[in-house]
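Please look over the sequence and the structure before reading on.

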Amino acid sequence: MGGLAKFETYKKDFLQSLTEEQRNLLSELSERSSCIGDFLFKHPEELFYIQENLDKPLLGREGLVKEAMEIKDVEDNALFSQKLTYFKMRHFARIVAKDIYKKHSLPQLTEEYSYLADASFEVSYRKAYEKVKKRYGTPFEQDTGREAEGSVIALGKHGGLDLNYYSDVDVIYLYSDEGKTDRGVSNREFFMEVFRLTTSLMTRRNAEGQAWIVDLDLRPEGSKGFIAYSLPAVEFYYWSHGRTWERHMLIKARHSAGSSRVSQDFMQIIKPFVYRKHTGEEVFEEIVEMKKLIEEDAKKSVKGEIDLKKSDGGIREVEFTVQIFQLIYGGKIPELQERSTLKALKKLVEHRIIPEENGKALERAYLFLRRLEHAVQIKNCVQTQKFAYAEADWFAEKLGFGSTEEFLNTLESHRKKVREIFEGISPGVDLRLTPLQRFILTKQDEEKAVEYLKELGFKNPKWAVQVFKSIFFSRLYVELSESSKELLFGYLPVLEKELAQYPDRDDFLLNFSKMMVDGGMLWVFVSALEQNPNLVRFMLNIAKFSDYISDLMAKDRELLDWAFGIEEVPEDREGFEKELAVISEKLGFVDRLKRLKKIVEVLVSLRYLSKIHRDNPEERLKEINRALSNLADFILEKLYHHFGGKDFAVYSLGKLGSREMNVGSDLDLVFVFKDEKSKSAYLKIPQDIVKALTSYSGEGILYNIDLRLRPFGKGGELSPSLSFYKNYFEKEARVWERLAWTKARFITGDLQVKEEMDRLIDQFLFGTPIDSGFITEAVDMRFRLEGLARETPDEIDIKLGKGGITDIEFLIQVISLKYGRRITNILEGVELFKRELVEDYLFLREVEARLRMIKGVGMSKIYRNSPFLYRIAHSFGMEAGELWDKLVKTKKEIRDIFLREMKVLKSPQIPDRG
């Protein structure tokens, strides 16, 4: 029974009591909306309330919430839902009556209706929160300790204050942070229960019908997701998984109910996600793709109907037209960040993004289509946008048209104009995103990003995409400020170009990601992008050049505190003591020394890398050698005293003896006891020192130890006495040992033992003159070492190979012995005796230093096709082939000088070197 038929049949007395004006109002409401007619039939007294309010101002959100809160304390949930439905229908009827009599504009009325939904959520949420709090206790935020709060975020037309008269309400439920209640219940469990109850109170069917239909499908992960999310979780979701359609959807996000603080924090989170400065054609393309899917769905409609929302020229096309431009330009023009479709449209016209004529046409069409949509929905109180042409007469009359023909012509005219404008959209996009940027922004077309990285030269482009995801979808990226996110995103094409130009791009990207994410350096890098281009270049060089430093900084975030203090590198006892003092004593003594070694190695290496393009090879090589040699001295001295060292001394040969320690250098150690009695009493101490140096822990190891230079090599005893050395030097030592002991240097221990051992070493080195037989044997020994290197045309050993560093070392050691000059440092010997070799020696030592920094281990071989060759060449500003040719040429020069000089030294007639 439609219209007044039910009243005439069952409530005739009520009808007869009405004035003509009241009867006309009842007739209009009942005829236009079956559900309003049913409501007034059950509660006829509400007709008088509606009439009284026709000319009164709208209540607004505050007035509606105040009235809604009157039912909050209704204990029974079913009764609460019934009263909430009554409250909703009362004001729904009031709003529709105002619409019929044109008391307010359509945007004003849909705003009032949206606030009606807010008021319903507000009272439902408050009731649910209090009820769950009584059962589970008070929830507290884990980080701040304050009481946790929840909020309801309105989306869609509800968010845009443009809610349909008979529509569901799209919302997201949020809470401030994870944590627990004072009864031990997790905040997630607490708020999921709160919002389950909120939804139930809003949607429960009752004697009055149903207050609202709540749609939660727009929440993160849709219907598969949780009913409620914490702010940190939702922030991570949007930046790591959020797609363009979610940016599109969040344009209308608005506080609806609950904590305004939580809602405000949410708005701050999504604003940079929705409105990006770096956005362009991909937004338009993707939304058009979405539109195509909607159109396909609309085509399934019944013949004789059109979908006012989804069809060609429908409501959705007006909204899409506006929102496409909002997404493209909203990051650059904050005024466009508007939830209301019509307000946003006007601002687009004001900024001349949409021509004024088109703007007016879209506005007229939108208002017409929305009025017709409302009429369709409230007629039978169903959630639909389907308009049946068979009912055109009725709608033409209700919308005030003089004829059905005029109404249908108007409908088609608006639809045609909307379609024409939508199809003509061609945003002036001044930015073309790379396929990788587009994927990161939209989370779509991953396969195109993979293909793009393949074109850049990645061996495994799928892996490379995952690495970029680990950076741009990480919590560190999410936690960056809005401007920092835009800065890093905008830098991406530059990084892509760097990767494309660097042959070892896979390791470069891996190192970069480890430093940025695992090492927590993303914020430092972004800050450098804005303020310090030199630091950006420096950090990229680390990632390009050294897996070792990148690994250290990725595994130990505390190193970040030291990483950029390269102007204050600890390189002597005072500096080491200062750094050791601030290393946590929670670590054991040996682990604290390991931590110190890592810090110093990183800082020394970074300082070295910061100077690799300067013309000072001698200075930077001496710096790294001096600092790392002093560090090893300091560590050995610390261990000596830690284990109670007494009556013995520690000497070193090799790189530590010559003070030429490098990254990855091992220690050639010699232990010397005063006598057999002391050795018997303290023999365990050298063993403890060796164990401490070589044992592995979470901090790594201190040093590898090479004991081959001790008497009888690996088979000899670890720590002989002075008397043993006296006998050995006099009777057992071979030619090569005499050369090796030219580097012998006291490190720490008993000074009386040092005095005697130094005397024995001097006697061993210079007590017997060097003759031609000695030199011949030394050269033969050099050739045997060269054979061990096993060089090929495609493999160079810069240390042991023909013309390598060892040629120079043997030559300087022989000269030193020949002329009785004890010089432990090879570079000093080269500068003193063979200055023409200084440049070659420095070059090979620098190549060695950079090779070792790549992996942090003692390497001396380089392969022609190795990516390491390119890395080192790049650090010298050379091409790989150019570096290879220079190495070959340098080694040939060194070998020629080595052979010539050894021949001269064998001659009995040689000049006095002083």
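The text below covers the disulfide, the cavities and the nonpolar cores.

The model is predicted: local features need pLDDT of at least 70, side-chain atom pairs count only at pLDDT 80 or more, and totals for chains, interfaces and linings use all residues. Residues are numbered from 1 along each chain as its sequence is written, and side-chain values use heavy atoms, with hydrogens and water left out.

**Disulfide**

The structure holds 1 disulfide (a pair of cysteine sulfur atoms within 2.5 Å). Cys35 and Cys381 form this bond, with their sulfur atoms 1.8 Å apart. The pair links distant parts of the chain, 346 residues apart: Cys35 lies in helix 4 (residues 34-42), and Cys381 in the loop between helix 17 (356-380) and strand 9 (386-388). Helices (H or I, at least four residues) and strands (E, at least two) are DSSP runs, numbered from the N terminus. The torsion about the S-S bond of Cys35 and Cys381 is about -85°, so the disulfide is left-handed. Both Cys35 and Cys381 are buried (under 20% relative accessible area, with a 1.4 Å probe and protein chains only).

**Cavities**

A search of the whole structure finds 2 cavities of 30 Å³ or more. A cavity is a set of points on a 1 Å grid over the protein atoms alone where a 1.4 Å probe fits but cannot get out, and lining residues have an atom within 4 Å of a point. Grid points are joined across faces, edges and corners, and a volume is the space filled by probe spheres set on the points.

| Cavity | Volume | Lining residues |
|---|---|---|
| Largest | About 40 Å³ | Ile471, Phe472, Leu488, Tyr491, Leu492, Leu495 and Phe512 |

Helix 24 (482-501) and helix 22 (461-472) each supply at least two residues of the lining of the largest cavity; helix 24 gives the most, with 4 residues. That lining has 7 nonpolar, no polar and no charged residues, whereas the lining of the second largest cavity has 5 nonpolar, no polar and 2 charged.

**Nonpolar cores**

The largest nonpolar core has 194 residues, and Phe525 is among the members that touch the most others. Such a core is a set of buried Ala, Val, Leu, Ile, Met, Phe, Trp, Tyr and Cys residues joined through side-chain atoms within 4.5 Å. A second, separate core of 73 residues includes Phe41, Val96, Leu163 and Cys381.

Methods:
Buried means under 20% relative accessible area, exposed over 50%, partly exposed in between (1.4 Å probe, protein chains only). On a 1 Å grid over the protein atoms alone, a cavity is a set of points where a 1.4 Å probe fits but cannot get out, and a pocket is an open set with protein on both sides within 12 Å along at least five of seven lines; lining residues have an atom within 4 Å of a point. Ala, Val, Leu, Ile, Met, Phe, Trp, Tyr, Cys and Pro count as nonpolar, Asp, Glu, Lys and Arg as charged, and the others, Gly among them, as polar.
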